[in-house]
Amino acid sequence: MGAVTLRLSRRAFLHLVGGTALLATACGGTAAVAEKAAEPKAAAGGHDNAETKRLWDSSGGDNLLKGRTFQALFQTLPDRPRAFTLKDTYLRCIDEGTPGGLHMAGSGALYEKAFDDLKGKITGIYTHEGCGAAKLYVESKNIKTDDPDSVADAEAKTLAEKLGVPYLGRIAAKDMSRPPQIHTARAIYYDGTGKFEPTNVPGIPQGFMISRKLISDPAYAKAEVEVAIGIAMGDHGFGSHFTGKSPLYLTLVGGLDRDSIPTKMMADEMLPIASKFHNVELQTMVVAQEAIASAPAVVKPADPSKDKADANHGGGDSHALGGALTPSFGPTLVIRDRIVNLADPGGRRYLRFTIAIEFASHEEAKAVAEDWTPLISYRAARDSYLPVTGGASKDPQKDFEIHMKRYVPAIEDAIGTVLSSKTYADLVSSEGKDAAKREIRDRVQSIVGDAEHVTNIYFTEFVVQ
Ligand SMILES: [Zn+2]
């Protein structure tokens, strides 16, 4: 099985390593950084070996949630309030092997605003052995070393000193709550409460911890999620065990109190990322009733129909995995919550859908000085574009908005024309759905012309009623 390359978007990369001084590295091809972010000690057999299968089975196997959602699972846990009491307020990595307290990739080494965001919020810093983020950090800074962990320790000491808190040392691999050679996370928790600790309550699956609440720059939080996905899908995670049927869960944790990041906002931040992977499912796990009402339990389902397509190619695991990771994180236009009548006689059936149209990233083609085009979310109801990131807007983004806006009515019309020409029978099979996607892709391509290249069409919601 060949090595897996995750294309980490340039934006994610820049947010992780911070700043323009590293552009030369960032441009040196589609950085395979996230793969390198995994453990330095590679498991020789990747994720195809019997030991990995055993760990997968003991982590919950192919039916982790037993047909329930995270929300439903959470409601059944009598001890669930304890999931929101932190053991301490020490900073640790996002690694699922270092539970407790608060989390930031590489204990903050990758984040240029770490000091500002952590001031007054943490009481100490831990690093850990075999830190993937530390590896990513030394690669990005072009630091020649065989010992990235020591570089991360030094960074953590400096940060701790600035913050006036103790550096608590490096957590040894033997003291981590996962095997040294493999990440056993089944979920990525995007924690909008700042208080979530899954390991406090038996029954909550093990996962990476992204402390969204701690991070003032949502674009950086998203970059951490991309890295976690890359590790989980790569050679040092469960990789091809994640399928449309048994996906990696990206779980939004919110609704604890008035200070929690709104679940709907987190869903908007994560939807474009989750939509790129048929084997990533976006769910919510929220505490308060009113917050439950604000977002569905499943924001974006995984798509088991893609599993079959992968298997048909006969490429085996590496093919399936390559398929999952091919998306290059180009700009994506999302058109939400539309309804069309289907062509069935009598017109009784209709289709409700949300569609994401991905375009080729300009990142390789553009000059070094330009940032990439951020993800843009189109809301038909308000007839406006909003940057999904909420981060600092730059001119390329404006250019993309202006550039795309004039095409949207024609794109919507084309999508409506294609889908309303289909019957229920046309759309229930994965072949029929793929055919519809191809038609939509071709029509959108002819609308936008040579300026943009359509790479993928995703239905993130697809319900026939
Ligand atoms: Zn780490």
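Here's a quick tour of this protein, from the overall picture down to one pair of helices. Keep in mind that the model is predicted. Its mean pLDDT is 78, and 76% of the residues reach 70 or more, but a couple of stretches score under 50.

**The big picture**
- The protein has 465 residues, and 48% of them are buried.
- If you take the contacts with a separation of 6 or more, 71% of them link residues 24 or more positions apart.

**Where the confidence goes up and down**
- Among the protein's elements, strand β5 (residues 187-191) gets the highest mean pLDDT, at 98.
- Helix α2 (residues 23-27) sits at the other end, with the lowest mean pLDDT, 26.
- Over residues 18-45, pLDDT stays under 50, and the model has 65 contacts beyond four places in sequence for them.
- Residues 1-7 also stay under 50, with 26 such contacts in the model.

**Helices α9 and α10 up close**
- Two packed helices are described by the distance between their axes and the angle between those axes.
- For α9 (residues 218-233) and α10 (residues 263-274), the axes come within 11 Å and cross at roughly 40°.
- That angle lies between 35 and 65 degrees, so α9 and α10 are oblique to each other.
- The crossing of α9 past α10 is right-handed.
- On the α9 side, the contact is made by Pro-218, Lys-222, Val-225 and Glu-226, while α10 brings Glu-269, Met-270 and Ile-273.
- Sorted by class, this contact has four nonpolar residues, three charged ones and no polar ones.

Key
Residues numbered from 1 in each chain as written. Predicted model: local features only at pLDDT ≥ 70, side-chain atom pairs only at ≥ 80, totals over all residues. Axes fitted to C-alpha atoms, helices over the stretch in contact; angles between N-to-C directions. Helix = DSSP H or I, 4+ residues; strand = E, 2+ residues; numbered from the N terminus. Parallel < 35°, antiparallel > 145°, perpendicular 65-115°, else oblique. Left-handed = near helix turned anticlockwise from the far one by under 90°. Contact = placed C-beta atoms within 7 Å. Nonpolar A, V, L, I, M, F, W, Y, C, P; charged D, E, K, R; others polar. pLDDT = per-residue confidence, 0-100. Buried ≥ 20, exposed ≤ 12 C-beta atoms within 10 Å, placed from the backbone.
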